[in-house]
Every structure is written in C-alpha cells, then in structure tokens.
Amino acid sequence: MNLTAFSGPSLQAAYLRTLPAVRERCSNVHAVAQRGKLEYFDYSPDQESSVVNYCLEIMKRDFPAADGGVDFASIPPHGRWRHLDAGKSRIAPLMAKWDEERGSPVSEKEKCKRLIDLFLVSVLLDAGAGNQWTYNEPGGESYSRSEGLAVATVHMFDQGLFSGSPAAQPHRVDAQGLSLITELTIATAMQVSDANPMVGLSGRTSLLVNLKTALESNPRFFGSDARPGNIIDFLESESKLDDSSPRVHISSLWGVLLEGLAPIWPARHSIGGVQLGDVWPCSVLATDGQAEGDDFVPFHKLTGWITYSLIEPMEKILKWRFDGIEDMTGLPEYRNGGLLIDFGVLTLKPGLKALANTSGVPCLPPSHGAVVEWRAMTVIELDRIADGIRRQAGVNSCDLTLAQVLESATWKGGREIAKLLRPLTGGPPIEIESDGTVF
C-alpha cells in the first residue's frame, strides 16, 4: 500500500489497515503498561518466565526430540489446516477425490484454489461458538469450539453447500453458492438447536452473505466467477521468480484480504469515510490535541488468521515462498490472551474484577476498553514469550517461527490452563460477548 498517496485522515485510515500498524500500535499500549499506567490491568513481566516454562513443557510433550527436548522441525505452522484435520485426516482424502475425478486431471493450482475456498470460509465461520455447542461428525467423534466449526465446514464443503454448481462441482466456494446461504442453512448444517446453542450464529451467517458481495465487487482479486481461490491468479501476477519459484510479499496477500474482504465486516469505526474493521480506540493512548485515530489500535484478528491459514497450502502445494513474514503478529484472541491472565502476567484491576458474572469472570463486548488493552498486550507478549522460548531452547526465529509457537504452545496452552482453572466451562478468564465477527 502506497501511503504517500494519502494525506490527513486518508493516510491515518490507510495506515491502520496495514500489517505493521498492528505491532506498532500494540507496542504503544505495551509501553504504557511498562509504566504501570494501564486502565484495567496491572502488568507483571516477571511472570513471563512461568509462561515460557509452561509452553516449553507442552512442546516437549507434543513434539518430543530424542534427547528429551523439542523437535522444532516437526512443529507445523498455526493455521486452519490443523483444525480441519482434528482427530483424523480429512484434507488428504478430499484431495485424493480430486485425483480420481473424470476428465482432465485437476492441476496443482486448482487444488490449491479449492483449499483456499474451503480455508477462507472455515476461518470466517470460526469465531467463538460458546461453551455449549458441539458438532457430532457423522459416524465419528464429537467436537466443540474451533475444531467443531472446522470439521462442520469440511462436511458442508464436501456436500457442495457453498458452490453454485453443487452437482457438477461441489468442492468450491463462489458468489452464486453463497447467495443461497441462510441462517437456517448454517444452523442445520452445524446441528444448532435449543439443546445445542451456538453463540453468534446470525453474525457468522452475515459474514458469508456479505462475502458474496465482496467476491462480486472485486473481480480483480476474485475473478469473473467470484471465487476466493482466484486470489492465486492475482498474487501470481504480483510475484517475483526466484530460481523458478514464485516469491510473494506478505503485504500483497494482506492487502488482498483487507481490501477484498472489506465489505464483509460490520460497520464500526471509520476515518474519512473509510471503515476500519477490527480497529478500536484505546483510552490509554488518548492525549489532548492528537489527530483523529492516533488513539486507535488495529488488530485485524480474523484477517491474520486467514493469512496464516492461506499461506500454508500455497507453500505446500504450489511451493511458493513468502517474504516479509516477520511482519505477521500473534493472534489477539482469548486463548493466547487468557494464558497471560491465568499466569499473572496481567492482573485484573478491582474495577474490572467487579464486572464478574455468576461464573466469576467478566463478560465484555469487543469494544470494551479492557478487551482492547488485553488484546494489545497479547500481541506484544506473544513476541516476548516466543523470544523467551527461543532463548531457553537455544534456537533462533528461523528454527522456531512465531507461527509454530502459536500452534504448539500459546494457543494450546491457553486452552489447557483454562480447562484446569475453570473446569466447568473451560472458558477464558474474560468472556467475550461474541457476534461471530471478531473472535
């Protein structure tokens, strides 16, 4: 994105939608925390070592090396692929079907397009489903939360629920297929009922309905047939060849997702008429006389989650390489953030504790100042925890990427400590009033 082409409010809006802005603005909040000036939390950096040790033990358990340490090379990156394969492999058998299709062989590019179709829709449906909902896989196990939503979307995709031509080609997502989606469609496919309630059902349905509009509105990215997987064609045009292998800068993918998917997000804060998405004001950054938006903190969590998830099939199947990956941040959501509270890195101040519900935890909307502070601190603390793990293990960021830390340690660790401390719900130390469009 060429920021020099903007001025005033337009420049601020453009900046807040960039990837580097996420870490930069969160760093500003973290600097306030270091001075003990957060509004809702006390910050105890001396507790970070406990988080590092906890995460390392999980990594040793799940990715053991012969010498008793961690087999870092075996850790996959954080992405939707893992959830889609929860309990058993589903993506490989799906791809095997494509090799058996009649007619012309399915190209590697088309296979990747189909996975991007699936992964994008699955991430959009991934916002927190609540503590009560479960999905019973036909002839299989029962899954909840992210894994349940992922497994459900695999079956929806396999049945052609998102395709405009389900009989001829069920395994695709396009605007025509999405035009037929209703809340009842999603509820039925995800087994939602009074006895099996899902949080944010209408919000996640709206995302899919709005995705249709986004796909149709951006043929430059999504092609004439309005399909997510067609971003491969656009990114290929933006790539550079290096030893016959395409190299794509992460900012190209990020820009496609921010600009191309902008119509799907609910209207929230805007600057100069530009809707910002997952961007929120933070009171501790507010000062007298500052420019509009200087107190805003961007997160773009679902865009980040989509980005991590789409990189993997392009790297694995097309052998593409992505530059600038170091600009990606940890995901500011309640599992990663819950780990910080549950280990005392962040402690709720009395005013926030007073908001606790009958379950003993506050329940807040994403716009609440405490949630904004919490998420900003999570982004920077994930960097610090990753660095702490590397130092203790004697490896560098090439041996252990942030995406691997998210996958093998922090997200999983946040879930496990939550289940240990709050066994009745397994929920986070701060509940989020989810509409299915942020978390």
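Reader: Which residues of helix H12 are buried?

Author: In helix H12 (residues 231-238) they are Ile231, Ile232, Phe234 and Leu235. Buried means under 20% relative accessible area, exposed over 50%, and partly exposed in between, with a 1.4 Å probe and protein chains only. Helices (H or I, at least four residues) and strands (E, at least two) are DSSP runs, numbered from the N terminus. This is a predicted model, where local features need pLDDT of at least 70, side-chain atom pairs count only at pLDDT 80 or more, and totals for chains, interfaces and linings use all residues. Residues are numbered from 1 along each chain as its sequence is written, and side-chain values use heavy atoms, with hydrogens and water left out.

Reader: Which residue forms a salt bridge with Lys113?

Author: Asp233 does, with the closest N and O atoms 2.8 Å apart. Lys113 lies in helix H6 and Asp233 in helix H12, so the pair ties together parts that are 120 residues apart in sequence. A salt bridge is a side-chain nitrogen of Lys or Arg within 4 Å of a carboxyl oxygen of Asp or Glu.

Reader: Buried or exposed, that Lys113?

Author: Lys113 is buried, at 10% relative accessibility. Asp233 is partly exposed, at 34%.

Reader: How many salt bridges by this rule?

Author: The count comes to 32. One of them joins Asp323 and Arg247, at 2.6 Å from N to O. Asp323 is in strand E10 (residues 321-323) and Arg247 in strand E5, so this pair links parts 76 residues apart in sequence.

Reader: Where is Lys349 found?

Author: Lys349 is in the loop between strand E11 (346-348) and helix H16 (350-353). Leaving out residues up to four places away in sequence, Lys349 touches Gly36, Leu38, Glu39, Tyr40, Phe41 and Asp42.

Terms used. Contact means heavy atoms within 4.5 Å.
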